[in-house]
Amino acid sequence: MCEKGNDGKVRSKGGRFIGEVPDHVDVRQAVARFAGEGATERARVQVRRKAGFPLRAKAISALPVDAEWDELELPYGLGLASDLVEYGPNVVVLEPAELRADVVARLRA
């Protein structure tokens, strides 16, 4: 539990959070799945040159499209749409269609 001090800073009210994790929950597996680790699906995106360096680090392949864009193949995990939205107009999702629709919906929201 937290409380706000008189100086506006949030302080812990003491003690650690203790909660039971159900036996059927594998936190490491859930995080890995969200992050795209072990993903069997692939996504194709175009990324503006000099942008998207974290995406480039995850890329399976990268090919130049023209003087302004590169095409990347990325592991497609649950968290990819939220990652791509952060790059705004510097990323265009080519496929899969459901990822493109998800990213467009998030940008419109």
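**A sheet, its helices and its salt bridges**

Aspartate 83 has a relative accessibility of 24%, so it counts as partly exposed; buried means under 20% relative accessible area, exposed over 50%, and partly exposed in between, with a 1.4 Å probe and protein chains only. The model is predicted: local features need pLDDT of at least 70 and side-chain atom pairs pLDDT 80 or more, while totals for chains, interfaces and linings use all residues. Residues are numbered from 1 along each chain as its sequence is written, and side-chain values use heavy atoms, without hydrogens and water.

The side chain of aspartate 83 meets that of lysine 58 in a salt bridge, at 2.9 Å from N to O. A salt bridge is a side-chain nitrogen of Lys or Arg within 4 Å of a carboxyl oxygen of Asp or Glu. Aspartate 83 belongs to helix H3 (residues 80-85) and lysine 58 to helix H2, so the bridge ties together parts that are 25 residues apart in sequence. Helices (H or I, at least four residues) and strands (E, at least two) are DSSP runs, numbered from the N terminus. Lysine 58 is partly exposed, at 40% relative accessibility.

Now to the sheet. It is open and consists of 4 strands in the order S4-S5-S3-S6, with antiparallel pairing; two strands pair if DSSP finds at least two bridges between them. Strand S4 (61-64) and strand S6 (91-95) are the edge strands, each pairing on one side only. From one strand to the next, the twist averages 25°. Strands S3 (residues 42-48) and S5 (residues 69-75) run antiparallel and are joined by 7 bridges. Arginine 42 stands opposite proline 75 in S5.

Across S3 and S6 lies helix H4 (residues 97-108), which runs at about 150° to S6. Such angles run from 0 to 180 degrees between N-to-C directions, and the axes are lines fitted to C-alpha atoms, for helices over the stretch in contact, where contact means heavy atoms within 4.5 Å.

The structure holds 8 salt bridges. Which residues pair with aspartate 70? One partner is arginine 49, with the closest N and O atoms 2.7 Å apart. This pair links distant parts of the chain, 21 residues apart: aspartate 70 is in strand S5, and arginine 49 is in the loop between S3 and helix H2 (53-58). Arginine 56 also forms a salt bridge with aspartate 70, the closest N and O atoms being 2.8 Å apart. Here helix H2 is linked to strand S5, across 14 residues. Aspartate 70 is buried, at 8% relative accessibility, whereas arginine 49 is partly exposed at 32% and arginine 56 is partly exposed at 22%. Finally, a network of salt bridges links Arg44, Glu71 and Glu95.
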